[in-house]
Each structure stands twice: as C-alpha cells, then as structure tokens.
Protein chains: 2
Amino acid sequence: MTSEATVAPTGPAERIRALFNPRSVALVGATDKSLWSWTVYRNMCERGFSGPVHLVNPTADTVHGAPAHPSVAAIGEPVDLAYVMVPTEAVLPVVAEAAEHGTRSFVILTAGFGETGTGGRALEAELVDYAHRNGLLILGPNGNGYINAAAGMAPFGLPFPQSIKPGGIAFVLQSGALTTSLLSLADARDVGLSLMVAMGNEAMLSLSDVVDYLVDDPATKVIALFVESIRDTDAFRAAAQRALRAGKPVVAIKVGRSQAGARAALAHTGSLVGDDSVVDAAFRQMGVIRVRSLEELVVTSGLLAATGELPGARIGVVSPSGGACDLVADRAADEGLEVPEYHPETVARLREILPEFARAHNPLDVTGYILVNPTLLSDAVRAVAPDPGVDLVLAFAEPPRYPTAAPQVAIDRAKAITSTIEEVRDRHGTPVVLLGNVLTDVTEHAKGVREQSGMPHVGGGIEMGVSAVGHAVRWSRARRRMDSVVPRARATEPALPRQPGGVWAEHQAIELLSAAEIPTAPTSLARDAETAAAAASRIGFPVVVKVAAPGLAHKSDIGGVRLGLRTVEEVRAAHEAVVAAGAAHGEVLGSTVQPYRPPGGVELIVGVVRDPLWGAVLAVGLGGVWVEVLGDSAQRLLPVTQADVRDMLAELRGAELLRGVRGQPAADLDRLVEVVLGVGALAHQLGERLESLEINPLRVSGTEVEALDALVVWRE
Amino acid sequence: MTSEATVAPTGPAERIRALFNPRSVALVGATDKSLWSWTVYRNMCERGFSGPVHLVNPTADTVHGAPAHPSVAAIGEPVDLAYVMVPTEAVLPVVAEAAEHGTRSFVILTAGFGETGTGGRALEAELVDYAHRNGLLILGPNGNGYINAAAGMAPFGLPFPQSIKPGGIAFVLQSGALTTSLLSLADARDVGLSLMVAMGNEAMLSLSDVVDYLVDDPATKVIALFVESIRDTDAFRAAAQRALRAGKPVVAIKVGRSQAGARAALAHTGSLVGDDSVVDAAFRQMGVIRVRSLEELVVTSGLLAATGELPGARIGVVSPSGGACDLVADRAADEGLEVPEYHPETVARLREILPEFARAHNPLDVTGYILVNPTLLSDAVRAVAPDPGVDLVLAFAEPPRYPTAAPQVAIDRAKAITSTIEEVRDRHGTPVVLLGNVLTDVTEHAKGVREQSGMPHVGGGIEMGVSAVGHAVRWSRARRRMDSVVPRARATEPALPRQPGGVWAEHQAIELLSAAEIPTAPTSLARDAETAAAAASRIGFPVVVKVAAPGLAHKSDIGGVRLGLRTVEEVRAAHEAVVAAGAAHGEVLGSTVQPYRPPGGVELIVGVVRDPLWGAVLAVGLGGVWVEVLGDSAQRLLPVTQADVRDMLAELRGAELLRGVRGQPAADLDRLVEVVLGVGALAHQLGERLESLEINPLRVSGTEVEALDALVVWRE
C-alpha cells in the first residue's frame, strides 16, 4: 500500500471528486455468471480508462478471461474505487476488507437494502454507519454507478453500445434504466457529457451532494437532473442557489406532477398548496429550470451548455422556410419570447441581399432561394445581428442527415455559418443559436460535417428548441436579478405567549398581525351582547358581527356572520344570533365586532402552510371562486423577496383584477407587495412554532389593504 | 396520341387520382442551368417510376445528359402529367400547348402568380379559367409538386437524399420547405408514406380537395396536414366529416395560434371568439386531431396508421424502467388517460413471473431483471392484456440503435414481442402499443431489426408517444359517438320582419327568443313612466327598470339600470332616471321593465357571432370576471348537437360552478343544454341574415333557466 492511496480527501467535495476520479478500480464480486459483471467489466476496459481494473472473486482464478484475485487484500496494490456486486449480506464485509486496505470510494450495485423494507433499512444503516466511522464514501447501494466521460471510464452496470462524447453536461438521475435513454438522446443530439450518475438508494451520497459538487467541477457547464424525490430540501436549495450564482444552469425533470398531494390542514390555504405546485414554485424561486420530458431535458441542457447566459428575450429569426417561421412565431409567443419587427436599417440591409419576392420582416423567411445562393442565410444573419431590437438570433441551419453528391458543399456551408456566428458575436456581441426544424438525430454523417467544419451545437427542432431558448432566457433573467434582491426579514420579535398552541380565534390572530404592522380591521372580541354593542359604538357604525370560535371555518355558511349592522339593538341581536348559530358546531367564545366594509375591491387569501418536504410555503390567491373553483394561487418558499411577491401576484390568472376592471380602482401594488412581504417575514420569524397562518380575506381597494379575518394554527 | 390519353376522367376524385398517378411525365422548361430542374429530374428518374420522363426545352437538344424535345407536341406520344417550370409569362402558353396534345394534369412550380399581388392574381385567374374550360387540373402554381411513394415517383422540386418508405400516411402541406423536414421525420420514425403534396397557391386544387380525395384512397390510412389557412371551410368541413365516417384520422397542425384575431363586433360575445379558438373548436367538432409540432404530427399519424381506432382510455403500462413508469403516469394524467390498478387475477399472474422485488401494479416496472430474463416483458404483456379494466397495453420495447455483440438476440427478442402482440390481440382483442422512452431515430440498424422480425410500429418517446395515444383515444371516442348525435334543427320559421336590420333593442330580441321557445323573463317596453308603472303592476313587484336603447352596451355602467323596485312610484322615478341616463349616449326608446331576480345562481353568456372564415359560431361562457378576465368560453360551429353543447359546458374552466358550490344549487344540466341547443338552432335557422345574437345573462339557478337580457344585430 503506497502512502498516496491512504491520504484521506480533506473535505466533502474532495471526497466526491475522488469517487468520480479513481486511479484504480476493483470489481468485487466479478463473475462470468453475471450479466452485470460482464457489462461493468466491458465498460471499464473499453472506454479508455488508463488505470488498472482488478477483478475480485473468492473462488475463481479467471473471470471474464482475465486473472482474478480472491480478495481486495490479495491485489497487493492500492485500489481507489471498489465496485461492489456481491450478495447483499456480503456487502459490509467486503467494504470493510477493502477499507482496511486503503479503499475510500465505493459504488454498490447490490440491491436488497433500504428499498426492500425494514430489514434492508437496518442493513443499509449499518453500512452507512461503518462508512462514516471509517471516512468512506458510498454511491448507492442499488445503483448502477456512473460514467465519467472525460476520464473515459464507466464503473457502470448497464450496457451502452455507443461511444460517449465528452462535454459539458452532467446528468444525475434517481433512476437506473433511464440512464440508457439519456445516453441515446445525448448521442442523437451530439451533445457531450462530463458525468452521468445513477444515484441508487442515496444511503450516503445524495442527489444534492452531487449537484453541490458539480457546481465546482470545471468540466461541467450544465447540471441535468431526473428527480423522483428530494429528501434533503435544504441542501438542495443551497446547492441550487450556489449553481445559479456560479452561472451553471440546473435543468430538472421532477416526476409526480399528477399526484395531487392530499394534505390535512385546518387552514383553508392548505387546499391551495398541492405538493407539486410547491415543487414548481421552489424550482422557479431557486432558478432551477423545470422541464417535462427527457427530450426537453437534453435539448435544454445542450443549448445552455453551448450558449451560457443569454442577453434578452427579443429574438431575430432567420429561416429558409416560411412554414417554419409560422411555427416559430407561435412557439415564441408560448414561451414569452418577443419577435420584434426589424429596425429600418436592418430592413434596408436585408433588401439588398434578399430575392425580390422575399419579405424583409421578422421572422425572416429567406426562401428556397437558399438553394441557389448558398451564402443567403449567412448574409441574413449578418444583416439581422446588429439590429438594436434583437438580443439574439435564431438561425435555422443544420448539417445534412445523409451524404450528398457533393459532400464538400455541406462542409463549406457549415464553415460559412460557423464563421458568420463567430463574426457577429465578436462584432456585435449578438449570440446566434442554431436550430433545426425537427427533432431527428444528428446522424453519423451530420456529426462528421460538424466535426470537419467546427459547426456549433444545433438545437433539436422548433418545438423543443424554442422551448429550450425560452428556458435559457428565463434562467438568464433569474440569474441577472439574483443579486438585486434579498429576502425581507423582521427586526423585532413579536410578543407571543411562551408556548402558543392550538388554534387561535380571529381576534387573537388579528392582534398578532397588527403587532407585526400588518394592516388589519379594528377587531374586538365580545363575550356578551352588551360588550358587543359597546365595541360597535366605539368602532363606529355600520359594523359586522361574527361568531368567535377558534377553528370554525366558513362562518358565513352556518349563519355565523351578520353584515351592515347600524344600531346597538341590531348588534345585540346579531351577537345572540351568531353565538347560537356557532354553538351548534362547538365551543364559542362570543362574537367578533369589526367595522363593515362595503362590497368592492378585490379579496385575496394570503397564507403560510408547512410543506412536509419544503417547509414553510407562502401562498397568495384571489378569494371566492378563484381559489375554490380555479385553484388560482401562487406559492413561494419562505423567506421571500420583493421580486418573489411581485412575481406571485403577476402569476395569478386573475391578476387583471388587481389592475382594475369594470370601474374598480387599480390596486396599489407597491402597498400590497409590502403587506404580503410583511406576512411572509412574520411567518418566517415564527419559524417552526407556526403550523399555518391565513388571512382570508385580505381586502384590497386602491391604496387600502386590510386583513379582515385571520386564522393561526400553532404546532403542538 | 392514343385514345387512352384523351379519355377525360369522369369526376373530381378521378381527376385528382389521375394527377397523382400519371403513366408518363414531361418536365417542361427543363434546363441544366436550374437546380430545380436537376432536382425534379433526379427525383423522377431515381425513385422507381417505370413510365417515360420527357424533357422539354425549346433550344437545347440535350438536358441533364438526356435528349430533350423542343415542345410537348414534339414528344410524339401522350403525356399524362406536365411538370411546368418555365418563366411566369410562358406558363399559360405551355399549358395550352400540352393540353392541346392531350395532357390533363399539371404541376406548376413557377412562382410569380397570386402570391405576388394584383398582376400575378390576374395571371393566375387567367390560367385557372383556361384550365376549367379545358378540363385540366393544376397543382400549384408556386408549389413543389408531390411524391407518390407507392408508385415510386416524385415530380417534386426539392432534393431529399433518403429513400421513401411506402405506407399509410398522406402528408398535405401548405408549405414547401417543410416537406423536407417531414420526410426526415418520417424516415427517422420509420413510418411509411402514401403521398406527400406541397399545395402551392391552391389556384385550382385546394387542400380540402386533396383531403376529400384521400378519404377514398385505399393506400392512405391517416391524413396529416400542415395548414396555414383554410379558405374553403365548408369543403374542409365536409371532407373532414367524411374522413371521420370512413375511419381515417385527419391530424393537423394549424399555425397562427398566437395571432389574436381582432374582430369588430358590437355584441360582447365577439370578444370571446378569437380566430384561433374557433379553429380549435371547429377541429374538435369535426374530429380533426390538432397537434402543435411537426414531431407530434408524425408521431400521432404513425401511431394511428399502426393502431387504427382504439377501444378506450384505460391503459395498462409495462416497462423495464421505474423512471419511465413515473413519466408515463404524469403524461397519462395530462392526456386524460386512466392507469387503473390491475385486477387481482392480473396481479396473481404477474406475481408468478416477476422477480420477488418487483411490485405488481400499474404502471408496471418489470425492472432491469429483463436483462437476465429476456421473456419477462412479453410475459408481463400476456399477463396484463386480459385484465378487464385495461382497454389497451402500452409496452416499452424498441429495436436497438446499434449492433450488439449478439445481433440475433435483438432479432429474437423483437420476434418474441411481435408474436406476443399478435397473440393477445387474437385471444383478448387487446391492442398493444409499443413505445420507446425517448424520441431518437429508428436507426438503420433498428430498421433492419424491425424488418427481420416483423416488429410493429414503435411510437417515439414517452412525451410524444403518450400524447399520440391521447389523441388516438379521443379521436376514437369522437368516431364512436359520431352516429349517435344529430344537430338540432327547428321545425317552425320564426315570424320576422321581411328585412330585419340594424340593432334590435332588448324587448325585441327577447321577443324573438321567446317565440323560439327559449325561456325569457317577461319583458315590456315602456315609452313613458305611466306605461312602465302599469307594466310593473302587471308583472308583479319587485321589478327591474332598464334603459331601452338599441345598441347601448353595458347599461349598468352608465346608470341605466334600477334594481329591486317595489312600488309604482319607484318605477316611475326609475323610468325617468334611466331614460335621462341613456339620453346622454344616443337614441332612447324608453325603458324595459322586467321582474327582479334576486342574486344567486350562475350567469352565463350565450352568443352567436359570424367568423369571417368559419361562419356562425356559438359561444358559451360564464359571465362576469370569467369571460372578462379569464376569457373562459367554449365555441362550436353551427349547427350543434346535444353532445357538442354538453362538451362546451364541460370545457368551461368554471364548469364546477354549474355543479353547485358553496350552497348554490346544482344547475339542471339537461334543461340548460336544451336551452343552449335552442339558441343554436334559432341562430342556424336565421342563417345569413343574422350578424350576432347574444344572451347576457342567461340566469341558471337549479332548474330555472331564463334569458334576462339579449341583443340581436342583423346584417345590413
């Protein structure tokens, strides 16, 4: 054992780097009888790995036609990584033996651990415990391993016939079998990989750990994820934020979109926050690009690896097909991309190069005349790129699928477009994104043309390509504004009972909000009719009288609300009536008296609930049918920034109501944002003690913003 | 000239068939100087066409290395099809010369006609006129021609290097350049074509004509369209309905989704009917499958060409990847497909074949154990197919992209799954649809495996594949119910002024509706206050008094409505007030008196407007913010069926309101459907005379359905 092999890596990142960059590998449990063993052995030997690959089998002298060792100890030299595929019960002994001889990194293919139930979980815990105590790092168990494309090595249990192109995309998957599909797609799109990791059970190394490591991996430009569930949400959030800061896009599929998360929550807001909508909100907030399909994952990652940050959403489109222009215009609108008319000077430049029958507008159809004039597309890109209204150019050009009679022509055309792209980038700073019309493979022939011409990445197809541009533009925007916003925090601690618990009735909840400087309607609790009448006189008529009963939702449905009361007599009668109505449904404290607000304005629901995975979630929705029938709400994880709250309000389908419709005044958005920020800050400060908090309604009428009713539930 | 060539086809379909199936072709205007000429010549000679291909050039003896004729006359034998690529001004003389010598079918590549403006339009009209008078049929001008894959012939002006596989999909495109992209996609998906047509200017032969022809073309199973605009909507509708009846799916991209059609319409409903939403509604109504992307067009067409009609929406999923199962579950939910739990007997069958660690539920992950047990997937399909809760099986299996060490293994596996599919179809009648995980090309190697194993069509990727299954299931449903519904027609003619014109005031409009047995609130026009008071007494208090002023919209916004009037004095005062309020805005007839209906129930807007392309469109929406803020409405072309109206109501995002929320009674849907059908039938009967008709609101409260206000605008 040399001293080199026993030097323990100094930090988590170094340990992960060591796992993915071993100088020597042992396949422990290698046997001719196992297809997996054959596969891993081939993957290790035929991909260009230069270090030794040892085979370990306690009984066979020869495995896969090569000499085998009875144990790791018997290898007689240090082994950086052990790929373990022994039976479940033999895993820990094998790991321990290797560890004793200096191995620090392990990939465990063997299944039968945490995924199988209680017994397996115990075995897994024992294994992880041993690893922690001995400074080991384990990928898996029940995972196929990884492919390090740059190093040409693949301690990986699934066959993949094609060669892997090294490049900037790291794939991290909570799925074994989909690795194969993503390798096919990467091959078909001609995009390069830095790393492909199948996470397995994540007993020790988690998806978030790998993302965090990749933020600092110089080979990785884009981090692409297939996610089934994120267990360590705080770690994921931290890693995602580091990635955004570092300018490395994280692109993710998160499955389980359709499983409406059933959640028991007393507060109404609970019904707003479906599990998946929280994921959506969380990803958006962190700058994680959420995609829906494997194709979108690879096309978006490929595009971002090629372009990096994009300057804006205004695209100039140049294509030899009018039909393609139509499709791009539709898709651009879907994605919120602008296709502005070209500047008169651009039009003048285009008029000089276009055939007479072509129209010089955006999207630009240079027409089939490109068959006659092969420089037409490049000329058009050069004409459009300096346009002051254009942030980036989408040009439709791709290498040919099949050889043609004159192969050099295709290469020359590819070279021409390549040098045009470089020229306009250097002269005008305008990025040019190449797209094809349809998502077909970059064939072997096309790969050759790209290689011989230096042609940059070609995004696949209008459908996925424009989607990818949309993602890239939105991600770039999120990145640019990243530093301009900080979450709102509250300076003063609210005065709270030492151990708040249970459900707080309206007047208490209103008091808490009011103390946190959130505007509320004056609210009095009246235990009897006389107190109610006195409170009404103090507040001023007309008033509202509501039953005061902690935990009683939908008070008006049970006759527990009386509106527009104008005299003390009416107030007394109303008190008795609402208390009687409420008594049928449980404990009643009395009534709550508030000033009556006439109809008008917009009613919002602002709430905070705890998501079991993501923690405190702020939700804003429009009241009434908006939330109940449409489920129209917007969410963000706490803490939130001013920009987050502005986005939330803009996301509501009923957002137009806030801008004023049919004679209603427009809401004072600045004021509203401040109030919602205040609610978020209060809830964030209350932290773990709070189960849920809901204002329903928050009445907004012009500059008036006021909480009329509220409910607070404390954690027991 | 033989007599055969001069026999004119007897009907439009025969003439189109003759155009697409010539026995001899002349390329008129062939020249070595034109890339198009080279291309068409190669496409005609190298694709297997067995008839003669004549080259016509007035000055050259040799073109493209072959002997040329100075004119069509000089060919000396009959020519079925002339492909014309002479200069614009020479087109008509050339066509006339060929026609005189017996040619009846023409493809005109030459541009410079209708697409260029007034001069070109005149030339085009002259050409079409000549063709009509002489019994000719022209495809184009300004069109690339067509490819008849079965006949191995391509009078087609664009190069395409790959061979074209004959098969069941006919592509008809209002785009030239996209033909190339669709040929690439068809090649990549390994799907076969019957015909590919680039329509050009449609001077004579329209997209709808070709669709109608294809309904009877035995080679064509699916009609795939790229549509920029449908000019002859009636013909298209008729052809689409014939296709549905014949069981031939029409799959279409219609571009221009993003161009919000600005429409001047007095009636409020005008704002509901964006051009594109009418296209959406019309396609749905006709059973035309609308897709968004070229990929979706080819994948959906490919799937339907392979499966035909599908029995239902309940899918059993069998895959070797858990991650793929997650993705399928999400996508199935998007598409309205059900993934039911398997029947206990199915579970028992699965338990016998699955490895112990696999869970026997739907979607079924048979696990990576498939590497060890190659029959596992077939076994699972056989276990799932008889399940009484499963209408079709989605099985994930595809031919390998690349050759492997044991090529016969891949072929044997493909044969096994193929025979399994045949077996379960024969034994249980359950169709099995094969899908791959990702949309990558069916490579040359994979095509070979399919050919050698007889493996059926494999839909491309989870994303597009499940989308295609969704389309196929919905299309099948539309086809099944096609015969069970007939549009509602009215028996009696409404009593109308001989020449109704202008805008009708409320009382007149209500009268028209009432005469057509549409329930309306009793409505009286009062020219003075006394008449109003008398009307109120007759109707019964409380009443509503509204200003009566034809063409005055949003009466309440200008103070023209008084609600809940309880005495004759209040009615008199209200009459004077609303008349005064209305007078500021134009001519006032007096007031309209109606019974007052208390708040509650749901208010609908039901309207009919004329779409400039599609004609009369019925729209139904929920009133208030629903229409104004959300644009939540559903449309159908008239005439409508009961099923159409049911669908319309179900499509509304606020549909839940009709089922009753927060204490409101559920609407009597049968009654509501009858009333909306009645409105549709009346408008259909009024026909061209009607510009627009709108009921706003149609009040619905339980079994009460009643028009409270209406507006009718007649065409001038």
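Five strands of chain A form an open sheet in the order β2-β1-β5-β6-β7, with parallel pairing. Strands pair if DSSP finds at least two bridges between them. β2 (53-56) and β7 (137-139) of chain A stand at the edges with a single partner strand each, so one side of each lacks a neighbour in the sheet. Neighbouring strands are turned by 20 degrees against each other on average, direction ignored. Strand β1 (residues 25-28) of chain A pairs with β2(A) in the parallel sense over four bridges. A:Val28 stands opposite A:Val56 in β2(A).

Contact means heavy atoms within 4.5 Å. Angles run from 0 to 180 degrees between N-to-C directions, with axes fitted to C-alpha atoms.

Next, a helix pair. The axes of α14 (residues 407-428) and α15 (residues 444-453) of chain A come within 9 Å and cross at roughly 55 degrees. The contact involves A:Ala410, A:Ile411, A:Ala414, A:Lys415 and A:Thr418 of α14(A), and A:Val449, A:Gln452 and A:Ser453 of α15(A).

The model is predicted: local features need pLDDT of at least 70, side-chain atom pairs count only at pLDDT 80 or more, and totals for chains, interfaces and linings use all residues. Residues are numbered from 1 along each chain as its sequence is written, chains are lettered from A and ligands numbered from 1 in the order written, and side-chain values use heavy atoms, leaving out hydrogens and water.

Technical notes. Helix = DSSP H or I, 4+ residues; strand = E, 2+ residues; numbered from the N terminus.
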